Amino acid sequence: FYWEFVNTLRKILFLLAFSFMSQFSSAISIAISIVILVSVMRIQINLNPYKEDFNNNIELFAIETGVTTLFSGLVFAEETSNETFKLMILLTVIAFNVWFFLQWLYLFSLTMGDRFQAFRYIAVILSVLTLKS
């Protein structure tokens, strides 16, 4: 339960980083956000605040996806980046985010499968897509 306060604090720090640093370059705001995420990731790894391992794992994966997305923002903020390189980075970010969403949807389907039969079928399909079988 206390971990929700940590997540709320993280979101407030993001807002502050992007609000107050907007007068500087976007790269500075992105770099500060990466530092915040990496700090929270280290705390997440050390504390494992959730009772279930799959909750800790999906939270960690969400943070890693956020770091990947922010790093790509640094590439797009750079004016001199090669367009082909930018496209490769964009595809990587999309892949990370889709993979995270499929993982989350799989865990959600497993949880809801106890109550609703349709979610069990969805979980079976997603287990193949997420390599959980």
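Modeller: Glu59 and Arg10 are both buried (under 20% relative accessible area, with exposed over 50% and partly exposed in between; 1.4 Å probe, protein chains only). This is a predicted model, in which local features need pLDDT of at least 70 and side-chain atom pairs pLDDT 80 or more, while totals for chains, interfaces and linings use all residues. Residues are numbered from 1 along each chain as its sequence is written, and side-chain values use heavy atoms, without hydrogens or water.

The two side chains form a salt bridge with an N to O distance of 3.7 Å (Lys or Arg side-chain nitrogen within 4 Å of an Asp or Glu carboxyl oxygen). This pair links distant parts of the chain, 49 residues apart: Arg10 belongs to helix H1 (residues 2-20) and Glu59 to helix H3 (residues 53-77) (helices being DSSP runs of H or I, at least four residues, numbered from the N terminus).

The structure holds two salt bridges. The other joins the side chains of Glu83 and Lys86, at 3.9 Å from N to O. Glu83 and Lys86 are three residues apart in helix H4 (residues 83-113), so about one helical turn separates them. Here Glu83 is exposed, at 57% relative accessible area, whereas Lys86 counts as buried at 12%.

Leu37 is part of the largest nonpolar core (buried Ala, Val, Leu, Ile, Met, Phe, Trp, Tyr and Cys joined through side-chain atoms within 4.5 Å). This core has 10 residues: Trp3, Ile30, Ile34, Leu37, Val40, Met41, Leu60, Ile63, Val67 and Leu70. Helices H2 (26-47) and H3 each supply at least two of its residues, and H2 gives the largest share, five residues. Another core, of five residues, lies apart from it and includes Leu102, Tyr106, Leu107 and Leu126.

Arg10 also takes part where H1 packs on H2. The two axes are 9 Å apart, at an angle of about 170°, which makes H1 roughly antiparallel to H2. From H1, the contact is made by Tyr2, Trp3, Arg10, Leu13, Phe14, Ala17 and Phe18. On the H2 side it is made by Ser29, Ile30, Ile32, Ser33, Ile36, Leu37, Val40, Ile43, Gln44 and Leu47. Axes are lines fitted to C-alpha atoms over the stretch in contact, with angles from 0 to 180 degrees between N-to-C directions; under 35 degrees is roughly parallel, over 145 roughly antiparallel, 65 to 115 roughly perpendicular and the rest oblique.

Definitions and conventions:
Contact means heavy atoms within 4.5 Å.
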